[in-house]
Amino acid sequence: MQIKKIYKFISVLAAILLLVGLFPQMFPGQANVAAARSWDVYSEKIMAKDSTNKTLELEIQGVLPLHEDYEVTQIIDGKKVEKSLKDVRVGAENVTVRVNHKGEIHKIFIEGPTPVNNMRVGIMTSGFASMDHEKIELSSPTGLKIVDKIANANFQVGANEKIIFTVDSHVVTVKKQDGTEVYTTANRLYVSTDEGSKIKVDNITRAVKDPSYRGFFEITATSTGDKLELINEVNLEEYLYQVVPSEMPASFGLNALKAQAVAARTYALGDYLSDRFAKDGYFVLDSVMSQVYNNSAENALTTQAVQETKGVIMYSKDGSLVDARYYSTSGGFGASKHQVWADADGSFPGQEIPYLVAQSHTFDPNDSSKMLSIDTSNEQQIRDFYKTLSYRGYDDTSAYFRWKVSFSMEELANTINKNIGGRYAADPKFILTQTESGEFVSLPIPAEGIGEFHDMYVLKRGDGGNIMELVIEGSTGTYKIVKEYNIRFTIRPQSVFTGGSDVLLHRAIGGSSDYTASPLKNYSILPSAFFSFEIDAEKGVTFFGGGNGHGVGMSQYGASQLGLGGWAFNDILTHYYPNMTLTDTSVIGGSSQK
């Protein structure tokens, strides 16, 4: 009798287990227990994060989807804090994920603050043209070590021996220079060299010809499987060793270089925190899309500037990292960021940022202890200001302090017609056409552009005098060009666009009586949006302007003059980024980070 009861109990239990397996929705508690038994736990480096498609790429496990109800928790000071996917950083090695039986990440645990010791830099092809490499050729004076972590394989390459990477259908092939095949894999490859040595990329060129890099490289096939992606992971401070000389020459002096180092460090961390390139697996690009990296050789003074400001960054009073914009030359006034770029939601002007505001950088000719003040909304005052070469200011040693360029009516129409359609395609919300009702709306630009040039006028300027809205009247209609970048790229002073002879950009340093600096032929774009113009039906149009760049944040020429004049780096930064404080990188990733 007892045996029959046991058999009956076993039969009932088996039936229950079968029902749970077949219909887990009927037994959620039991289903959760079953699922928990199949959870896998991985503590791996985060290689990429796609917030749109909700995936994380782990170093060994590869790309895993996130469960629809995934959770992120961070342990801070012994306490569990609820976090979001934003807090899961590419490159982080303090992350553990729990994966359910469907291969989905259900739980993400971040152990303590995520340190930012290294930068991950996307290395572009020659001319900074693309991230997609046909092939990659590497060598090092101390030899190379190549590792496939997933396959647990590695091999060595001798000193100064070139190794060549190619790809076909997602499979990477490694060959010696004589064509001997060394290795093939579909996995990520890591290339390193001895500490203190560098890796030379032999098949890309920079201003330093064949650039060599600190840190190590990662090589992977792109998503299309027919190109290679090259990422350089390097210590943050050593990254700056190769950024600062590429962004500012040593001749600008130690104080300016130290200011540049702090601005560059802050800017790099801003890119990192923004997740701008997170889905691609790196923090920054090595071009002007981030900061120029390893285009000019390291030198003792720029390295000293980095070392003597180690870890120093700028923080806003609201507890966020400063958006550390900088540019080449001020023509006498700086610009407010919100009057140069649109906000993330597309609104323009955007929200004012208290440390990126317009300022005068020109000395009052009647009292050099004061800065010049003019009505930057007054077109006559603006025109007189930029036509006057004798002004002195923080940037007056730059040949771009004053500039002018002239077009015939036909040349001006030609360059506008060849560029306005492209600007509309790139930024349609800010290349507008006037309707019969007088309203400006976004409409496709006619194939012939504006047709014949009729007139042009400034509709709106920023607080520093930079043009925000320029109206151009032509035979096909009236158009409004909004934002300085669009304006500068619509009126391009190049003969390839004007259809005439070489276009000359005449330049002058401050305190001049004439444009005596060497003129430049066929300059790529208008140097800045700080300009005015005069239109003559017979002589054409002449633009009178000042400065080089967007005008937001720190002027590099201005920083140089101030530094050479005795200003310390922190005083330079406080001037160009008012309402900020200097702190150190320990705040990044901590509990106070916003």
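**Figure 1. Helices α4 and α5 lie oblique to each other in this predicted model.** The α4 and α5 axes cross at roughly 55°. They come within 8 Å. Helix α4 covers residues 254–274, and helix α5 covers residues 300–307. The crossing of this pair is right-handed. On α4, the contact is made by L254, L257, K258, A261 and R265. On α5, L301, T302, Q304, A305 and V306 take part. By class, the α4–α5 contact has 6 nonpolar, 2 polar and 2 charged residues.

**Figure 2. Helix α3 meets helix α4 in a right-handed crossing.** Helix α3 spans residues 236–247. Its axis comes within 10 Å of the α4 axis, and the two cross at roughly 120°. That angle makes α3 oblique to α4. From α3, the contact uses L236, E237, Y239, L240, V243, V244 and E247. From α4, it uses L257, Q260, A261, A264, R265, A268 and L269. The class count for α3 with α4 is 10 nonpolar, 1 polar and 3 charged residues.

**Figure 3. The largest nonpolar core holds 93 residues.** L138, F165, Y239, M554, Y577 and I588 touch the most other members. Helix α4 gives the most to this core, with 12 residues. Another core, of 29 residues, lies apart from the largest one. Its members include V405, F453, I472 and V541.

**Figure 4. Surroundings of L138, one of the residues that touch the most other members of the largest core.** Residues up to four places away in sequence are not counted here. Among the residues that L138 touches are L144, I163, F165, V191, I199, V201, F217 and I219. E161, K162, K200 and D202 are also touched by L138. F165, a neighbour of L138, is likewise among the residues that touch the most other core members.

**Figure 5. The whole chain, for orientation.** The protein chain has 11 helices and 38 strands. Its C-alpha trace spans about 115 × 65 × 50 Å along the principal axes. Of its 594 residues, 52% count as buried. Among contacts with a separation of 6 or more, 66% come from residues 24 or more positions apart.

Terms used: Residues are numbered from 1 along each chain as its sequence is written. This is a predicted model: local features need pLDDT of at least 70, side-chain atom pairs count only at pLDDT 80 or more; totals for chains, interfaces and linings use all residues. Side-chain values use heavy atoms; hydrogens and water are left out. Axes are lines fitted to C-alpha atoms, for helices over the stretch in contact, and angles run from 0 to 180 degrees between N-to-C directions. Helices (H or I, at least four residues) and strands (E, at least two) are DSSP runs, numbered from the N terminus. Angles under 35 degrees count as roughly parallel, over 145 as roughly antiparallel, 65 to 115 as roughly perpendicular and the rest as oblique. A crossing is left-handed if the near helix is turned anticlockwise from the far one by less than a right angle, and right-handed if clockwise. Contact means heavy atoms within 4.5 Å. Ala, Val, Leu, Ile, Met, Phe, Trp, Tyr, Cys and Pro count as nonpolar, Asp, Glu, Lys and Arg as charged, and the others, Gly among them, as polar. A nonpolar core is a set of buried Ala, Val, Leu, Ile, Met, Phe, Trp, Tyr and Cys residues joined through side-chain atoms within 4.5 Å. Buried means under 20% relative accessible area, exposed over 50%, partly exposed in between (1.4 Å probe, protein chains only).
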